[in-house]
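Please look over the sequence and the model before reading on.

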Amino acid sequence: MTLQEQIRSNRLRTALVLLGFAVLTAALVLVIAGAYDPSVAGFIGIVAIGYGVFSWFFADKVVAAASGAHPISKDQAPELYRAVENAAIGAGLPRTPDVYNIQDDAPNAFAAGRNPEHAYVAATTGLVAKLSQRELEGVMAHEIAHIRNRDVRLMSLAAVLVGVIALVADMLMRITIWGGSASRNKDLGPFGVIMGIVAMILAPIGAALLQMALSRRREYLADASAAEITGDPEGLALALAKLRDDTTPLHTVTRATAHLFIESPLRDHKGLRSSLGGLFDTHPPLEDRIARLAEAGGFPPP
Amino acid sequence: MTAVWIVVAIIAALLIYLVLAYNRLVRLRNEVDSGFSSIDVQLKRRADLIPNLVESVKAYAVHESSVFEAVSQARSATLAATTLPATAAADALMQSAITGLLGVAEAYPQLRAVESFKALQDELADTEDKIAAARRYYNTTVRRYNTMLQSVPTNVVAGATGFTRRAFYRIEDDADREPVAVKLGT
């Protein structure tokens, strides 16, 4: 698959994500309209449309806020900046993306943005502290690859739109359990409650499946692109091996932002994974990614 | 009547293909050009470090005029170069000149302890990394462009509209050598 094909596929998927968001919110609106009040439903519909438009332009900012990422200057993190600059040059980006820091000891990183002109990469303090310069270059090249392959808009939008679906579903759950204006529309009441429950079960599952559909092949491709950008697949493989062996939990991660990170931050967390097996995994197994890099570079997997 | 429409459809499809193929070639060629100017930017940046570097070394090694001469020649060659072969030649010249200059610096421990000199060396190492990255990107885009140029049936479009192959960026002796080791001591 060439870069152009990937970019085209990302555009299509972006449209699908927006469509999926529209359909899911429409379904929720209908459920609310049936169970509660059409005017409330209409209001929520308008809010959802506004939110969708807002997300298109500001998803990356929302993601930064949700994961506690702050812009930093070159003086504060010269090694990180250099790694980002080198990768940006190696990938032929029109400008060096902004560099953000996440105050967290767990080594992890992600990229977000709208296009290569408006993008940033975020790295945790732990990543910079625990990786060597060579490994850091590999990880940053992976993030830069997401920007160059135009993955970032899709991933940022998915984070923000998927996040809000989970939020709305949670809210609806609370209303159904604790009662909102459920006394009205008595005839639709029980039916509406059942619909509500179904929607509440389906919404997060649909959302999670959506996330999964986004990530897996994208990660392999970004790894391959990173190897091309740095000319050093082993650097990235060594970094991934370090991430694999590190068990520090990332604090600021949510279900909405998990797929953004270079390594799934929800790994080993109770609940999501243990109850549903690999269904909700947003990332291919690290072992697999390391093995592929090792094969491409012709070195023994670390 | 149907036959006419079929012919029209075939011609339209052909035209669309030609436009798409042409546009793809243009895009790839632009990437090659911007890849080259990215190398150029980094080489100029390295050249800009030279005067300060020479000054700090001169303060200790007064009698090494041949080394300073070589570096300043390489610098003017870099600034004057506009074509790919000239740029690559200036690049090679600069690499060996810098190796010579740092080799001289190696003999003066006091110089290597000076903060500003260390900072310059660090900056130089960083620029070398960036030149290597830019070179890698350029060669990748050239490979893509040349492949597209030779592929059937794009080669027909390319031949008819005057696209020509581009050369890889190579520095004299070998294909893609490692950047000069400029990290002394550390």
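What share of the contacts in chain B with a separation of 6 or more comes from residues 24 or more positions apart? Such residues account for 80% of those contacts.

## Confidence

The model is predicted. The predictor assigns the complex an ipTM of 0.83 and a pTM of 0.82. For chain B the mean pLDDT is 88, with 92% of the residues at 70 or more.

Residues 174-186 of chain B have pLDDT under 50, and the model gives them 23 contacts beyond four places in sequence. Where pLDDT is low, the predicted coordinates should not be read in detail.

## Chain B

Chain B consists of 186 residues, 39% of which count as buried. Its secondary structure comprises 6 helices and 0 strands. With a radius of gyration of 24 Å, well over the 16 Å of the globule rule for 186 residues, chain B is more spread out than a compact globule.

Along the principal axes, the C-alpha atoms of chain B fill a box of roughly 90 × 25 × 25 Å. The accessible surface of this chain is about 9900 Å², and carbon and sulfur atoms make up 61% of that area.

## Nonpolar cores in chain A

The largest nonpolar core has 42 residues, and Leu80(A), Leu127(A) and Ile147(A) are among those with the most contacts inside it. Elements of chain A that give two or more residues to this core include α3 (78-91), β3 (109-115) and α7 (189-230). A second, separate core has 27 residues, including Ala64(A) and Leu250(A).

Beyond four places in sequence, Ile147(A) touches several residues, among them Leu93(A), Pro97(A), Tyr120(A) and Val152(A).

Definitions and conventions
Residues numbered from 1 in each chain as written. Chains lettered and ligands numbered in written order. Predicted model: local features only at pLDDT ≥ 70, side-chain atom pairs only at ≥ 80, totals over all residues. Heavy atoms only, no water. pLDDT = per-residue confidence, 0-100. Contact = heavy atoms within 4.5 Å. Core = buried A, V, L, I, M, F, W, Y, C linked by side-chain atoms within 4.5 Å. Buried < 20%, exposed > 50% of the residue type's maximum accessible area, 1.4 Å probe, protein only. Helix = DSSP H or I, 4+ residues; strand = E, 2+ residues; numbered from the N terminus. Rg over C-alpha atoms; globule rule 2.2 N^0.38 Å. Areas by Shrake-Rupley, 256 points an atom, 1.4 Å probe, with all protein chains shown as cover.
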